[in-house]
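Please look over the structure below with its side-chain packing, helix contacts and charged pairs in mind. The briefing that follows takes these topics in turn.

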Amino acid sequence: MNRRPVVAGKFYPGTPNQLASVCEAFVGNEKPKNYLSQPIGLILPHAGYVYSGKTAGLGIRRAIEFGRPRNIIILGPNHTGYGAAVSVWREGEWYVPNGSVKISTEIADEIIDGKLISDDEAAHLYEHSIEVQLPLLIHAFGEFQFAPICMMDQRLSTARYVAERIRKILEKYPDTIVVASSDFNHYDPHEITIKKDEIAIQRILANDLEGLYEDLRKYDITMCGPGPVAVVRSLFNHAELVYHTTSAEFSQDYSYTVGYVSFILW
């Protein structure tokens with residue numbers, strides 16, 4: 001089954017020319033010449049490009065320095081409530097206005113276990129958190145195959161289980177990027193969002209995932225994708241903060257903000 005875009009014209013431009021112009025502004029036109037020699041990770045936001053495109057683009061620019069992937073695994077939270085606890089779209093192509101990406105059925109089959117991780121398209125049909133990453137990644141890297149994973153169950157134990165299945169894949173396919181799609185704190189004033197995000201950022205940099213989950217509860221940090229973030233952080237030894245801002249940088253509304261953060265991991 002092929003997937004057509006559901007948030008084109010809403011979260012990002014819906015026409016190829018407009019989308020290409022926006023992607024160029026955020027990611028640039030530098031193209032990596034060589035394939036990756038080792039897997040890398042990214043943590044990127046997934047709001048409308050007018051708000052989070054700069055943050056995501058700066059993360060992808062940093063990834064370009066490492067090389068070009070043959071495969072990308074993208075993990076996003078489930079905002080819609082449809083589908084299974086952890087859902088993988090197994091075959092076909094995903095279309096966006098600036099191109100299409102073929103699903104790597106081989107990688108999808110190695111992720112799916114038929115128990116906790118399901119072959120399930122329903123979770124993906126109306127979900128934006130994975131789709132919004134594709135135009136920027138297509139612009140940056142051209143052709144690649146990918147595996148989308150939508151997480152409704154974002155418990156740390158689940159994230160670690162998913163990470164172990166992906167770890168085996170990275171040994172087999174080292175020219176892979178693993179992307180966690182997540183916005184950070186939601187709907188507080190700018191200064192509060194910045195402070196809450198910084199607490200989470202320090203836990204991520206320290207690779208203290210138990211502490212991250214504790215602090216999300218303790219300080220009411222409303223990150224929407226802790227599961228994807230924990231998966232990607234579990235897979236890599238090194239993490240570098242690329243950019244941190246809030247929606248106020250672009251909306252000028254400092255009373256009601258969402259935090260956006262990008263990391264590169266290796």
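In what follows, buried means under 20% relative accessible area, exposed means over 50%, and partly exposed covers what lies in between, with a 1.4 Å probe and protein chains only. On that scale Asp220, at 48% relative accessibility, counts as partly exposed. This is a predicted model, in which local features need pLDDT of at least 70 and side-chain atom pairs count only at pLDDT 80 or more, while totals for chains, interfaces and linings use all residues. Residues are numbered from 1 along each chain as its sequence is written, and side-chain values use heavy atoms, with hydrogens and water left out.

**Nonpolar cores**

- A nonpolar core is a set of buried Ala, Val, Leu, Ile, Met, Phe, Trp, Tyr and Cys residues joined through side-chain atoms within 4.5 Å; the largest one here has 42 residues, and those with the most contacts inside it are Leu75 and Ile166.
- Helix 5 (residues 156-172) supplies the largest share of this core, seven residues, where helices (H or I, at least four residues) and strands (E, at least two) are DSSP runs numbered from the N terminus.
- Leaving aside neighbours within four places in sequence, Ile166 is in contact (heavy atoms within 4.5 Å) with Ile73, Leu75, Ile149, Val178, Val231 and Leu235.
- Apart from this core lies another, of 34 residues, which includes Val7, Leu136, Ala140 and Phe144.

- Two packed helices are described by the angle between their axes and the distance between the axes; axes are lines fitted to C-alpha atoms, for helices over the stretch in contact, and angles run from 0 to 180 degrees between N-to-C directions.
- Angles under 35 degrees count as roughly parallel, over 145 as roughly antiparallel, 65 to 115 as roughly perpendicular and the rest as oblique.
- The axes of helix 1 (residues 16-27) and helix 2 (residues 49-64) come within 7 Å and cross at roughly 60 degrees, so the two helices are oblique to each other.
- The residues of this contact divide into nine nonpolar, two polar and three charged, where Ala, Val, Leu, Ile, Met, Phe, Trp, Tyr, Cys and Pro count as nonpolar, Asp, Glu, Lys and Arg as charged, and the others, Gly among them, as polar.
- With helix 4 (residues 133-141), helix 1 has an axis approach within 10 Å and a crossing angle of roughly 70 degrees, and these two helices are therefore roughly perpendicular to each other.
- Helix 4 contributes Pro135, Leu136, His139 and Ala140 to that contact, which Leu19, Ala20, Cys23, Glu24, Phe26 and Val27 make from helix 1.

**Salt bridges**

- A search of the whole structure finds 14 salt bridges, each being a side-chain nitrogen of Lys or Arg within 4 Å of a carboxyl oxygen of Asp or Glu.
- Glu240 and Arg62 meet through their side chains in one of them (2.9 Å, N to O); Glu240 lies in strand 10 (residues 239-246) and Arg62 in helix 2, so the pair ties together parts that are 178 residues apart in sequence.
- Asp153, which is buried with a relative accessible area of 10%, forms a salt bridge with Arg155 (2.8 Å, N to O).
- Arg167 and Glu164 form a salt bridge whose closest N and O atoms are 3.1 Å apart, and both residues lie in helix 5, three residues apart, about one turn of the helix.

**Positive phi values**

- Asn207, although not a glycine, has a positive phi of about 55 degrees, and it is found in the loop between helix 6 (190-205) and helix 7 (209-218).
- Asp220 likewise has a positive phi, near 55 degrees, in a residue other than glycine, and it lies in the loop between helix 7 and helix 8 (226-235).
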